[in-house]
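Subject: Structure handover

Hi,

Here is the structure for your files. My notes on it follow below.

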Amino acid sequence: DHRGASAPTPLGRDRLTAHHAPAAITPEVFFTEKVAPQFRRRIDEMQRQIMTLQQQVQERMNAQGSVRMVVEGDGGGTWYLNTRNGEMTVAAEPAFPPVMTVYQSRAYFDWSAAMATESGLFGPSSRNNQSELTKSRIERLQKIKGLLQFSFTHLPDGSERSFCIHLGDGERPATPQTTLSMKADDAQKIARGDLNPQMAFMNGTIKVTGDMALAMQFGAAMM
């Protein structure tokens, strides 16, 4: 008995299709609601970017601090990078008590300098500017004490390179409390801005041994 069900009429099918089809938009509505507002949204977005850049410039203009750089080996020595009034100068004496000391062998220096088109505090410059000194970073670094070692493995010749950062005053500890290691290729990706340091830390690309708290304090300070 088919009396209880009937096939949809052509009119019924048309109504069903119309129900699911997107409503047609007129050119006037499209230009008014879609195109024109985008112009203002783009201006607002650019203004936010300008404000962010202005804040970043101010952070660097207000930065005051010194970093002690020690290159160990033939042709090495000690230099101080002094930052103030929006300028960084290299001198034989610190302008301020050093916020940190960076120790690197001549072998590490030669390796990092050779692969750097630009250079930051710890070697090849990162496009995300996370190795630059700012007022806030200096203030946060001043609260940390300890010795960290950064090791880079799997160099083309099979060797590895490392440098140390000593935070705080006093003598350099005999051994690092924390060691962070990664492949040299990954270090270059971070330097180019192709790999986010925080993501590399979270996914295990950067391996940490020793005092995890010190590594996290340093990472937070350089944010």
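How many salt bridges does the count come to by this rule: a side-chain nitrogen of Lys or Arg within 4 Å of a carboxyl oxygen of Asp or Glu? The count comes to 8 salt bridges. Three of them are described further down.

First, the ground rules. This is a predicted model, in which local features need pLDDT of at least 70 and side-chain atom pairs count only at pLDDT 80 or more, while totals for chains, interfaces and linings use all residues. Residues are numbered from 1 along each chain as its sequence is written, and side-chain values use heavy atoms, with hydrogens and water left out.

**Overall**

The chain has 7 helices and 10 strands. These are DSSP runs numbered from the N terminus: helices are H or I with at least four residues, strands are E with at least two. The chain has 223 residues, and 30% of them are buried. Buried means under 20% relative accessible area, exposed means over 50%, and partly exposed is in between (1.4 Å probe, protein chains only).

The accessible surface of the chain is about 14,600 Å². Carbon and sulfur atoms hold 55% of that surface. Areas come from the Shrake-Rupley method with a 1.4 Å probe; for residues, only the protein chains shown count as cover.

Contacts are heavy atoms within 4.5 Å. Take those in the chain with a separation of 6 or more: 61% are between residues 24 or more positions apart.

**The sheet**

An open sheet of 8 strands runs in the order β3-β2-β1-β4-β8-β7-β9-β10. Its pairing is mixed. Two strands pair if DSSP finds at least two bridges between them. The edge strands are β3 (87-91) and β10 (207-210), each pairing on one side only. From one strand to the next, the twist averages 20 degrees.

Strands β1 (residues 65-72) and β2 (residues 77-84) run antiparallel and are joined by 7 bridges. Within this pair, V70 stands opposite T78 in β2. As background, strands of a sheet pair through backbone hydrogen bonds, either parallel or antiparallel.

**Helices across the strands**

Helix α3 (residues 106-114) lies across β1, β4 (98-105), β7 (146-153) and β8 (161-167). Its angle to β4 is about 95 degrees. Helix α5 (residues 184-192) lies across β7 and β9 (178-183), at about 90 degrees to β9. For these angles, axes are lines fitted to C-alpha atoms, for helices over the stretch in contact; angles run from 0 to 180 degrees between N-to-C directions.

**Salt bridges**

R60 and E132 meet through their side chains at 2.7 Å, N to O. This pair links distant parts of the chain, 72 residues apart. R60 is in helix α2, while E132 is in the loop between β6 (123-124) and α4 (135-141). R60 is partly exposed at 23% relative accessible area, and E132 is partly exposed at 30%.

R106 and D110 both lie in helix α3, 4 residues apart, about one turn of the helix. Their side chains meet at 2.9 Å, N to O. R106 counts as partly exposed at 30% relative accessibility, and D110 does too at 38%.

K135 and E139 both lie in helix α4, again 4 residues apart, about one turn. The closest N and O atoms of K135 and E139 are 2.7 Å apart. K135 is partly exposed at 33%, and E139 is partly exposed at 37%.

**Surface patch**

I25, V29, F30, F31 and V35 make a nonpolar surface patch of about 430 Å². F31 lies in helix α2 (residues 27-61). Patches are made of residues with over 30% relative accessible area and no salt bridge; like charges are joined within 9 Å, nonpolar side chains (Val, Leu, Ile, Met, Phe, Trp, Tyr) within 5 Å.

**Positive phi**

Most residues other than glycine have a negative phi. N85 is not a glycine, yet has a positive phi of about 55 degrees. N85 sits in the loop between β2 and β3 and counts as exposed at 59% relative accessibility. H154 is not a glycine either, and has a positive phi of about 60 degrees. H154 is found in the loop between β7 and β8 and counts as exposed at 56% relative accessibility.

Best wishes
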